[in-house]
Amino acid sequence: MPVNPPIRHPDFPSRNIPPREVDVWLPPGYAGGSAHYPVLYMHDGQNLFASVIPTGKTPWRVDEALAELVDSGEARAAIIVGIWNSGERWREYAPEKPMARVKDPAARARFTERAGGISSSGRYLAFLVDELKPFIDAEYRTLTGRADTIVLGSSMGGLISLYAISEYPEVFGGAGCVSTHWPAGGNELVNAMADGLPDPASHRLYFDYGTETLDAAYEPFQLQMDARLTTAGYARGANWLTMKFEGAAHNEESWSKRVDLPLRFLLGP
């Protein structure tokens, strides 16, 4: 389904993190209307839209997927905010407080070497909540409440999405965690994040994973999180969903084939 390209906000300034591109996609019917819309904040924003991603790479096509779901009545129309990543992606996306609870020296050393330092996700989330969201709410016709504010990402973006809804449960009502990169901190990270889960009475969580490439290592950690979700009072299929995709790899091509599922679950009518 052909859709309009997103609006680019180049070098979006911040007191907390380096400036970066922010793309805002407006749903069909927005122009010339008066309706207000939920907002979906997505990480790794340079990989989301076919009109943005360089030729030869595979985008999520999240705009096309959502437009089709809205057209079929399976999801609410929403504004999509794509936040581009930076050279500090791992540091910005690694959950700061849970990572601090990882005591395994080997795991800590691996993370520090890969990330180039300790987590800075507290500043990234401060940018998202205190700087970007107020701008989006002022500039566009948004529904500003928790139930209409959702965050979604893949891999390390899955970790920061869960961390966002846990650190700011009054801001975000739903989180999509696609191919969540649990090995960044292993079992200790899973338990630390499970200790901070938001109230299941007012929040919705989506998780998934494949079985190939990096995703091949995820199942034991996700099953551990699933057990903790049950203990925390989440009900599978109601306010929580975990999906396994046989043969799916850790890349945008695989995520684009199933992005309709978190959209349907988190933005369902």
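Biologist: Let me start with a charge and a ring: how far from the ring centre of Phe 265 is Arg 204, which lies over its face?

Modeller: The rule is that a charge sits over a ring if NZ of Lys or CZ of Arg is within 6 Å of the ring centre and within 35 degrees of the ring normal. Here Arg 204 lies at 4.1 Å from the centre of the Phe 265 ring. Likewise, Arg 141 covers the face of Tyr 30, at 4.0 Å from the ring centre.
This is a predicted model, so local features need pLDDT of at least 70 and side-chain atom pairs count only at pLDDT 80 or more, while totals for chains, interfaces and linings use all residues. Residues are numbered from 1 along each chain as its sequence is written, and side-chain values use heavy atoms, leaving out hydrogens and water.

Biologist: And two rings together? How many aromatic pairs are there?

Modeller: A pair of aromatic rings is described by the distance of the centres and the angle of the planes. Rings of Phe, Tyr and Trp (its six-membered ring) pair if their centres lie within 6.5 Å; planes under 30 degrees apart are stacked, over 60 edge-to-face, and the rest tilted. By this rule there are eight aromatic pairs. Phe 12 is in strand S1 (residues 7-12) and Phe 135 in helix H5 (residues 121-139), 123 residues apart. Helices (H or I, at least four residues) and strands (E, at least two) are DSSP runs, numbered from the N terminus.

Biologist: Is Phe 12 buried or exposed?

Modeller: Buried means under 20% relative accessible area, exposed over 50%, and partly exposed in between (1.4 Å probe, protein chains only). At 9%, Phe 12 is buried, whereas Phe 135, at 25%, is partly exposed.

Biologist: Why is strand S7 largely enclosed by the rest of the structure?

Modeller: Six of the seven residues of S7 (residues 204-210) are buried, so this strand is largely enclosed. Strands pair if DSSP finds at least two bridges between them. S7 runs parallel to S6 (residues 174-178), joined by five bridges, and parallel to S8 (residues 240-245), joined by six. From S7 the chain crosses through helix H8 (residues 219-231) to S8 in a right-handed β-α-β crossover. Right-handed means that, with the strands pointing away from the viewer, the path from the first strand over the helix to the second runs clockwise.
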